[in-house]
Amino acid sequence: MPKSPPHRHKKSRPPKARPRQHTETEKARALPRNSPELSVEITRIGARGDGIGKARYTINCQTGNYNIFVPGTLAGEIVRVRPHSITAQGLRAEIIELLSASPHRRTPPCPHFGQCGGCQLQHLSTDIYRSWKSEQLFALMEQAGLSTGCMQTPFWGEDFQRRRATFAYKQTKNGLLVGFFERQSHFIIPAADCIILNSSLSALIAGLGDWGDNRLGAGASGRLQVNQLDSGPDITIYPDQLLSAAALSALAAAAAKLDCVRLSIVQPDSGLPLTLIMPKTALLNSFGLDLVPPPAAFLQASTQGEVALRAFVSGSIEQNSLSGTKIIDLFCGCGTLSAQFLSRGCHLHACDSDSGAVTAFEQAANQAGYGQNARFERRNLITAPLLPDQLNGADYVIMDPPRSGAGAQAKMLASSTVKTVIMISCHLHSFVRDMSVLVHDGGYEIDTVQLIDQFIYSPHCEIAACLRRPGGIKNDDEG
């Protein structure tokens, strides 16, 4: 599952969640339910994982050539579909019949594939799936004029590894439904047998239904964000309706059923999480510090993915002598990528707009005795990036921005004297855009790039890159 929409600042709390509703624009573009079917040959898989073909179709007595977007299809397949909506890109359609199947199609391992909105690519064979993801990165870099001869072997995630998830819930007369939204719908698909979640989250699903049933109120809906910390599950409720004090008391009293380490809530009229109960220490220590993250803190999607990212960052930094090395960690969060260097005597400057995450990182560093070599700054790097004179003097800059990227910060880095930048991104387009600024405007050369696929069966992936500037800052008159 991807670093999931709706898009948000990567290290901040999730936005108030509500069931997906069709906007007025989408309603205006909806086609009649009895729209004629058509046959189409799928020629490629688009960036969002849908199969794409082209066909002539008549709408309101006008015939034209349209791109047809069909989820769950593969290149080379012929399918019969029914269009259900039109967008600026073309027609979106649902598959009615698979007329000619690709030899690269496989039986999806999850029984909910095609309904659940979490996965788009389970029907691809392993080889085609991996080739498609690699080619997405390769093609975008090539289009941007970036060197593609620096690719490391990708890291491929595995089933049953997801350690954070956001579940939808709805109180019905038959009990509390907990799961994932159906594709483009507000209906909930049960998640107990999800092949993405790790065993701890899977085991928690049934418990969530029993725990919340008849305590959230008739017709209650919302989302539950669960982070699997090293000490146990950390649960944050995002209700669509304001929950009463009585409901909160009942939920807290029943929290023992979940064996969670912390239960928190973000009410619809508040932007701040309120901890209801913390029977155990909400501890995260997988990257070198005993750290208590804030409720709903950003975590990498899987422990495997986190280890791969930390290994990439570590491998990009000279390890012979870190004592006195100056590292700036931009969009640091709780310190996932840079905390590992504090015990080596480096000097760290860590920045993020998420005050709760920065505070947790700072407190953990101080408790471990590393505070004298670390500086922690609460700063919105999207609107107020570090300036060149604030970057100059750093030996390494680590940058892990949200999905929207770090365009302003990349420009400041391009004008600085920093020689090594390590970029992490969860969005291909913003990654390539920001790396282009560093390469074309800042004189950096791409040392290594690695695709880290921790969002398995989705179109999304993590990318890590190391860029080095061998000759210092680029002169204005250089070609």
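A residue is called buried when its relative accessible area is under 20%, exposed when over 50% and partly exposed in between, using a 1.4 Å probe and protein chains only. The structure is a predicted model, in which local features need pLDDT of at least 70 and side-chain atom pairs count only at pLDDT 80 or more, while totals for chains, interfaces and linings use all residues. Residues are numbered from 1 along each chain as its sequence is written, and side-chain values use heavy atoms, with hydrogens and water left out.

Rings of Phe, Tyr and Trp (its six-membered ring) are paired if their centres lie within 6.5 Å; planes under 30 degrees apart are stacked, over 60 edge-to-face, and the rest tilted. Across the whole structure, 4 aromatic pairs are found. The pair of Phe167 and Phe180 is tilted because the ring planes lie at 35°, with the centres 5.3 Å apart. This pair links distant parts of the chain, 13 residues apart: Phe167 belongs to strand E7 (residues 164-172) and Phe180 to strand E8 (residues 175-181). Here helices (H or I, at least four residues) and strands (E, at least two) are DSSP runs, numbered from the N terminus. Phe167 has a relative accessible area of 0% and is therefore buried; Phe180, at 7%, also counts as buried.

In the pair of Phe361 and Phe376, the planes lie at 75° and the centres 5.0 Å apart, so the arrangement is edge-to-face. Helix H6 (residues 355-367) supplies Phe361 and strand E16 (residues 374-378) supplies Phe376. Both of these residues are buried. Ring pairs also join Tyr129, Trp156 and Tyr457 into a cluster.

Phe167 returns in the nonpolar packing. A nonpolar core is a set of buried Ala, Val, Leu, Ile, Met, Phe, Trp, Tyr and Cys residues joined through side-chain atoms within 4.5 Å. The largest one has 80 residues, among which Phe167 and Met435 touch the most other members. Helix H9 (residues 428-441) gives this core its largest share, 6 residues. A second, separate core holds 41 residues, including Phe361 and Phe155.

On a 1 Å grid over the protein atoms alone, a cavity is a set of points where a 1.4 Å probe fits but cannot get out, and its lining residues have an atom within 4 Å of a point. The largest cavity is lined by 16 residues, with Cys110, His112, Cys116, Cys119 and Cys194 nearest its centre.

Key: On a 1 Å grid over the protein atoms alone, a cavity is a set of points where a 1.4 Å probe fits but cannot get out, and a pocket is an open set with protein on both sides within 12 Å along at least five of seven lines; lining residues have an atom within 4 Å of a point.
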